[in-house]
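User: Pick one part of this model and take me through it closely, then follow the connections from there. Please spell out the cut-offs as you go.

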Amino acid sequence: MSIINMQRVAVIGLDTEKEKLMNQLMDFGAVELTDQSGKLSEEIWAGSTSIDEDREKAAAIEGKLNRAEQALEVIERYGDIKHPLFRTRRSVKKSQMGRILEEEKINEKNVDCLLEMNERIHALNEKLNKLNQDEASLNPWVNYDPPLEFTGTDTTVIFTGVLPAGTDTEKLGALLEEEIETVLFKVVGSDKDMFYTAVLTPEERQDDVLALLKQSGFSQVTFKDMKGTVTENLERIEGEKDVLENEIKKTASEIGAAAGMKDGIEEYSDILTINLDKEKIRAKLLKTRKTFFIEGWVPGRCVPDVSAILDENGCYYTFREPLEDEEVPVLMENRSMVVPFEAVTEMYSLPAYRGFDPTSIFALFYAVFFGMMLSDAGYGILMAVGCWAALKKFDLEGMTYKMVKLLFYCGISTTVWGALFGGWFGDIVPVFTRTFLEKEVVVSPLWFNPLDDPMKLLILSLALGVIHLFIGMGIKAYMQIREGHWFDAVCDEGFWYVTILGLIAWLGGGTINEVLPEIGMYMSIVGAAGLLLTGGRHNKGFGKITGGLSNIYNITSYMSDILSYARLLALGLATGVIAQVVNTMGTLFGGGITGLIALTVIFLFGHTLNLAINALGAFIHASRLQYVEFFGKFYEDGGEPFDPFRRKTKYIKLED
């Protein structure tokens, strides 16, 4: 429900205890170490300390990690592996770490074996590509009979080449015979781009023939390292391709058979990741010949535990509150039901450390807005049940968990609003009973049907919008009072409360009580006067007047924000109307078996599409109402997430 207080910790310890301490801090996973290299520019640090890093060791570990990841990619490419809907990490007891470390050499050999087989496939594919290129180059010459190594007799020369497709070959052949009587010119093949030609000429006239041919764009073609006829070479190539393809399939099968290595290599990869993180974190430490220095951030509640670890390792340390100009990492704390809605905050930007985390406040609004915009109980049940099943079946973590749990809550909200508005897959119940049972059964809404009374839904939407905005303004006022600026809270938020409430009572209060419009009028005048007189209080001279006028003009912004909530009406009606259209289309084939089949097909396709499109729209617009209208009133973003030194694994989850 708040941003957790952070403490700055500075530690000096003996080098002999460093390895043990770093392992304990990594296991504890609640200390974010900060880079200390900047201190080397300060005279007090520069002469006696240096960065504690071993780049060669880190590079060696990173090389092994890259090879392990490549091996896993090879298994993914060639192994017959079924992937679940959500990728989750396997739970591994920390007591099994010893087994994983003992199998390190085995996993290294497995990685080498897989990469060697992958290289073999790569080399075979290169040879296969070369054969395919040779085959493609020979196919146009299939009607050329002489052996490819035959280039002429003692007195004659044969050369082959290509001419552009637009060449008049008959005219060119006649020209050659006219100029050089003993020449033989033949077109042996063609395609859309080229004519493939062979020319036989006396040896002493070959230069003259080539000169005439080049005037028509002739390019000579040679068949290096090929012997025998074109047909013989094509047959040879086909045979070699079969051998290579069989070898590739065999090697790929061997990799597929080795898919059982996957779990071990994943564990090996995660151990390497942990070791690499240990090496990289050393670049954030300073050292002398016998001591080391670290500094970082610790959540306030973890200070006693961290102190115990530091005491155990004989360290000297201090904790202090963050300074005003320090960039402090942000860690949010919310109740378990609210945690999924942190995904909405994180997609926007974390709040600044000295800002305000509104997640617990907007969570209810988000679910309500989403439900109103989707507003079909059938869709809500499908969403809630689907997300519940995913949460039960998969051990989800991080953002994936938050998003699925968020949609689960939104599914419940959609079910409630759908029942209130009478939407159960649109109007499928009366449509089905009327078409197939000849007796219409109507499912009445628990409250009202927005399609029959859209104005009621519009008023409800705008009323929720006013409440939503007022809460945002209240948070801003709270932040100002917390900082000691209570007068700003009265002038910037208090007068706006009076003005907006007055306008609402003035314009619409008559439907409730005839006295309200008059009260609203006076409230509006008082609020507007306050805004006018105090809006330019921080300006000087003429700016005090213009500041007040500018403040009054902001009424258009507030009205625009309130009207934005009309999207709750628009999207809610869109879902219901499309659902009813789908149901109506399903009854166009009448009753009977044919009509039932047609209704079933159209129902499944149409409602699936409607659910997908409008659920996406509800998610986007519910988020927009938070980001633009709500956050715009108070939110200070720019917080950097708290990133403690911990075991960051990709495939396994280490558990005590």
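This is a predicted model: local features need pLDDT of at least 70, side-chain atom pairs count only at pLDDT 80 or more; totals for chains, interfaces and linings use all residues.

Analyst: **From the surface patch to the pockets and salt bridges**

Numbering runs from 1 along each chain as its sequence is written, and side-chain values use heavy atoms, with hydrogens and water left out.

(Helices are DSSP runs of H or I with at least four residues, strands are E runs of at least two, numbered from the N terminus.) Leu-588 counts as exposed because its relative accessible area is 67%; the classes are buried under 20%, exposed over 50%, and partly exposed in between.

The largest pocket holds about 730 Å³ of space. Its lining has 24 residues, and Leu-331, Phe-642, Asp-643, Pro-644 and Arg-646 are the closest to its centre. (A pocket is an open set of 1 Å grid points with protein on both sides within 12 Å along at least five of seven lines; lining residues have an atom within 4 Å of a point.) Each of α1 (15-28), α11 (342-348) and α14 (398-421) supplies at least two residues to the lining of the largest pocket. Sorted by class, that lining comes out as 13 nonpolar, two polar and nine charged residues.

The second largest pocket comes in at about 570 Å³. Its lining takes in 20 residues, with Leu-462, Ala-463, Val-466, Ile-504 and Gly-508 nearest the centre. Here α16 (454-482), α17 (486-508) and α20 (555-564) are the elements that give two or more lining residues, and α17 gives the most, with seven. By class, the lining of the second largest pocket is 17 nonpolar, three polar and no charged residues.

Back to Asp-643, one of the residues closest to the centre of the largest pocket. Its side chain meets Lys-648 in a salt bridge at 3.1 Å, N to O. (That means a Lys or Arg side-chain nitrogen within 4 Å of an Asp or Glu carboxyl oxygen.) Lys-648, at 34% relative accessibility, is partly exposed, and Asp-643 is partly exposed too, at 36%.

The whole structure has 36 salt bridges. Lys-18 and Asp-52 form one of them, with their closest N and O atoms 2.4 Å apart. Lys-18 is in helix α1 and Asp-52 in the loop between β4 (50-51) and α3, so the pair ties together parts 34 residues apart in sequence. Lys-18 is buried at 11%, and Asp-52 is buried at 1%. Both belong to a salt-bridge network that also links Asp-15, Lys-57, Glu-279, Arg-282 and Lys-287.

Lys-262 and Glu-266 pair as well, at 2.7 Å between the closest N and O atoms. They are four residues apart in helix α9 (residues 262-281), so about one helical turn separates them, and both are buried.

Definitions and conventions:
Buried means under 20% relative accessible area, exposed over 50%, partly exposed in between (1.4 Å probe, protein chains only). On a 1 Å grid over the protein atoms alone, a cavity is a set of points where a 1.4 Å probe fits but cannot get out, and a pocket is an open set with protein on both sides within 12 Å along at least five of seven lines; lining residues have an atom within 4 Å of a point. Grid points are joined across faces, edges and corners, and a volume is the space filled by probe spheres set on the points. Ala, Val, Leu, Ile, Met, Phe, Trp, Tyr, Cys and Pro count as nonpolar, Asp, Glu, Lys and Arg as charged, and the others, Gly among them, as polar.
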